[in-house]
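Thanks for making time this morning; I would like to walk you through one model, chain by chain, and then look at where the chains meet. Please have the view open as I speak.

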Amino acid sequence: MEYEAVIGLETHVQLKTRTKMWCGCANEYGADANTNVCPVCLGLPGVLPVPNAEALRLTALTGFLLNCDVPSYAKWDRKNYFYPDNPKNYQLTQLDFPSTITGFVEFELDGELESVRINRAHLEEDVGKSFHFADYSGVDFNRAGVPLLEIVTEPDITSADMAYEYLNALKSILEYGGVSDCDMEKGQVRCDVNISVRPRGQQELGEKIEIKNMNSFSGVRRAAEYEIARQIEVLEEGGQLVQETRRWDDDAGITDSMRTKEDAHDYRYFPDPDLMPHRPSKEWLAAIREDVVELPLARKLRFMEQYELPMGDADVFVGDAALGNYFEEVAKGLKNPKQAANWVINNLQAKLVETETSVADLKFPAVAIGELIGLVEEGQISSKIAQEVFAEMFASGKSPATIVEEKGLSQVSDSGELEAFCREAIEANPGPADDFRNGKEAALNFLKGQVMKASRGKANPQMVGELLAKILNG
Amino acid sequence: MVHFLTIHQLLEQLRTGELSSREATQACLDRVEKVDGRLNAFISVDASDALAQADAADQSRAAGEDLPMLGVPVAIKDVLAVKDQPLNCASKILGEFNSPYDATVIQKLRAAGAVVFGRLNMDEFAMGSSNENSAFGSARNPWNTDCIPGGSSGGSAVAVAADECIASLGSDTGGSIRQPAALCGCVGLKPTYGRVSRYGLVAFASSLDQVGPFTKDVRDAATLLQVIAGADEQDSTNVPEPVPDYSAALSGDVKGLRIGLPREYQVKGLDPEVKAATDAAVKQLEALGAEVKEITLPHTEYAIATYYIIATAEASANLARFEGVRYGARLDGADPEEMNRKTRGAGFGEEVKRRIILGTYVLSSGYYDAYYLRAQKVRTLIRQDFLKAFEEVDLIASPTTPTPAFKIGEKTGDPLQMYLSDIYTISCNLAGLCGISVPCGFSKAGLPIGLQLLGKPFGEPDLLRAAHAYEQATDWHTHRPNLD
C-alpha cells in the first residue's frame, strides 16, 4: 500500500519590538540573567499587563503579509499550567479570537508554485528559560513576556521538503516585512510539527503525532523525514499509532515518545479579565497596510505575469530590486517588455557592472531605451548599430535619435545607393559570385557581408540580400 | 483625642497649624498600641516609616504646600502593594515578601500628601466575610470583640471604627468593603468597576475587584475617593471617564432623587432589627424628599452561585503565581511539581484552597460550558436587571448585610451559610456598579447596622449625595465603640 503524509506546522516567532509584550523591559537577547525584568514580567503580586502597541501592529502587519484577515475583534485568554519558567503559571495567549486568521503562504518547491494555508497567527507571551546545574536549577526571566507570534498552518504540507521550503519562505517573509529577525540560534524561531500518515486516497486523517525540540529548519526536515518513515513502518507492520507528543533527538536522528493523549494538559483556558479585547480601527489597519512591502515571490510572479518574462529574467529583477524598478519604468507603455528586459539585463546591467555605477547614476532617461528599441523595430538602425548607439547614450546621455543623426548611423535603404555597393562587391569577388550562379547559395552570405562592411553596417541587410540575388540572377 | 478626627476635621487643624501631621500620626500609632492587642486590625505597623512621612508632610506644609490629604494618616489593607513594606495578603505563602513597588492608589495617596501606614488584617487573599480566614488571626469587632468585624477587609473597617487611623483603604470583590463597614459602623464605598486602578492590588477576582475607602463619614469618603480615582495606563480595565468633583455632590439635597427597593431583597434570613433599621433609613430619605418605589431584580437568586463560579475561576489562575519559585515561602521538593504541592499545601489556608479547587473545577475541560460560560451569561442578565432598574430609579437601597455581626466561630463550619451573608453586596460587583454602606442604627445587642445604597456605573455623585444627606439628618456615624 502507498502512504501519504499530512503535515501541519506551528511556528513561534519572537517579534522585533523594543520592549516586552506587557511591560517596558527591553526585548533583548543575550543580557545577563534576570536583568531585563520588572514586577510585571516576574509576575509579582498585584501587577497588571498593558499591551505593547508595536507588537499589535507587527501582528496585524504579519497578517497582511501572510494574506490573512485581521478580524475586528480579538481577545486574550489565560492558558493555565504550572512550570517554573512561567511567571504567572498561566500564559496569556489568544484561544478563539486571534488577531489574524485564514491566510496562505506561497513558495516554490522543485520549480513549482506551492501554497500552504495559514489557520491563524496569534499573539502570546514567551516564557523564561530554565537552566539546570549540578544540584539545582535556575530560571532566567529575561525572555519572559517577549511578544511571540504563533503561526499555525492547515495540514497542507505533504513532505519533509515542503515543510522545509515553507519555513524558509515564512522566514524570508517575516524578515522582509521587518516583523522578526528570525534568528534560530537566538531562539527567535521555534517550530513544532504535527504529522500523520494515511493510505493514499483515504479521506480520514491518521493519528496526529506532534514532534517537538527541533532547533533548525534542517532539523525539522530530518525529523519529518524520520517520522513519516517511522509511522509508515508501524502501519505496514500491522501496528497502531496513537496520538502523542514525541521529542526529536537531533544527535541520534530519531523521535522518542514524550507523552500520550491521556496525560495531555487540561489548560483550562478562559478569557483574561485583566485585558480588554482588541478592536482594531479601520484607520489603524489602513496605516499598517501602508507598511506592507511586496514580497520576493509575489514580485517575481508579478513580473512573470505582467511583463511575460521568463523566470530567469524575473529572478534577476527580484535579486536586484533597483534594476527591477528601473525595468518597470522602461517597460511602461512598451508593446514588447521582453525586449526591454533583454536590453536592461544584457546591455545596461553589463555596463553598470563594468563602470561600477548604479541605475541612479544613469545620464539618460528610462524612456530612451524604449526609443532605441523603436529605432530598431522601425528599421532605422540595425541591432548592431543599436549597440553602438547605446554605448554612446550611456556615455553622453544623448537621445538615441540625436546620436543616429549626428553620427549618420541611419540604415541605408536607398536602392540606388545599395545597388552600387552590391555591384562593387560582385566585381571585387568574382569567385563567390560564380559559385552562387552555379547554385551555391551560401556564397550569397559572403557577398552580403562585403556589402555590409563597405557600408559600415548601415546597409539594410534584407534589401542587400534581395538586390544581390537579383543582379546575379539577372 | 486627635485619632477621633475625620479627614476634613484633621485637615482643618493641620491647615491652621493647631496640629502637626506628626502629632496626628503619633496619636494613631498610640491608639494602635492601646487597643489593637484586643482588635488585631493591624498585621504590622512600621511606626518609624509613618513618622518619617509625617515629618516630611509637616515640612512641606511649613514650606507653604497644601495638598488634598497632606499629613493625613491612612492605613492600608494587606492586599495593596506598598514599596518596601511587607505584602502578605494575610497568608503564610508570601513569607517574608516585601513589595518592591507602590500600587497606583498608594502613589496617588502619596501624591496627595497622605501618610501611608500599616498592614491591615483581612481574610486571606480577600476570600471571606468574617476575617476569620487570616493566617494572622481574626480581627475583632470593636463593638463586641467576641464578634467578627466582617470581611474580607475586616482590619480596614476595625481600624477606622476604633479610630486607629483617620481613614483606610480596602478592596471589595463581593462586598468586602461594604459588609465590614456595616458590621463595624463606619462608611465604606465600593467604586464602579474601572473607576480606581487595580495596579498593585493583589488580584482575587480581577473582573470584580475594586479598591475603595473606609472613612468615618461620607464627606471623607468623597475626599478619599477623589484622591484614588482616575485613569491609570498601567490598568487596561481602568475607564478613562473624567473624575467629577465628588465633594460638590454633597449638597444635602435629595429632593426628587428616586430610590428603588428591590422586591427580591425581602429574604427569609433578614434579621428583623436590621430590617427595621434600614426601613427607617429609607423613610428618613423619603422624608428628606427622595421618591421611593419598589423595583424588581429578577435574577437576584442566582447572584451568589454566579459569583462563586466566576470569582473562584479567576482566583484559581490569579493565585497560581504563588508557588515559591520567585518569591515568598518555599518548601523544597524533588521536582517542580513536588515543590509546588508542598509550598501551596502548606502556604494556603483552607478557604483559599477550597476556592482554588472550585475555580479549577469550573474551568476544567468538560465543565467549562456548564459552569463558567453559563455563569458569564447569568452575570450579563444580572447586569441587565440593574441597568433596567436604573432607568426608573437613581439609587437602590437595601440592608448591607442580612444580620448584624455574628460570633467568631459561629459560621466557620458552614461555608455556604457564610457565603449567604453576602447576598446584598455581591450583585453590585457582578453588575459593575458602585455602592456605599453607611451606619443606620444599632441592634439591641449594640452592634452596628448598615444601609447600603447602590448606584449606576459611575453614579458615585448620586451615591454620595444621598448618603451624605442621610448622614446629616442622623447621628449614627458619630457613635464610637467604648474601648477604654
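**Two chains and their contact**

Let me begin with chain B, where 61% of the 484 residues count as buried, a residue being buried if 20 or more other C-beta atoms, placed from the backbone, lie within 10 Å of its own. Please keep in mind that this is a predicted model, in which local features need pLDDT of at least 70 and side-chain atom pairs count only at pLDDT 80 or more, while totals for chains, interfaces and linings use all residues. Residues are numbered from 1 along each chain as its sequence is written, and chains are lettered from A, with ligands numbered from 1, in the order in which they are written.

Chain B holds 15 helices and 11 strands, which are DSSP runs (H or I, at least four residues, for helices; E, at least two, for strands), numbered from the N terminus. Its radius of gyration is 21 Å, close to the 23 Å that the globule rule gives for 484 residues, so chain B is as compact as a globular protein of that length; the radius is taken over C-alpha atoms, and the rule is 2.2 Å times the number of residues to the power 0.38.

The C-alpha trace of chain A spans about 105 × 55 × 45 Å along its principal axes, and buried residues make up 38% of the chain.

Finally, how many residues does each chain bring to the contact? Chain A gives 25 residues and chain B gives 33, with two residues in contact if their C-beta atoms, placed from the backbone, lie within 7 Å.

Notes. A residue is buried if 20 or more other C-beta atoms lie within 10 Å of its own, exposed if 12 or fewer, and partly exposed in between; C-beta atoms are placed from the backbone.
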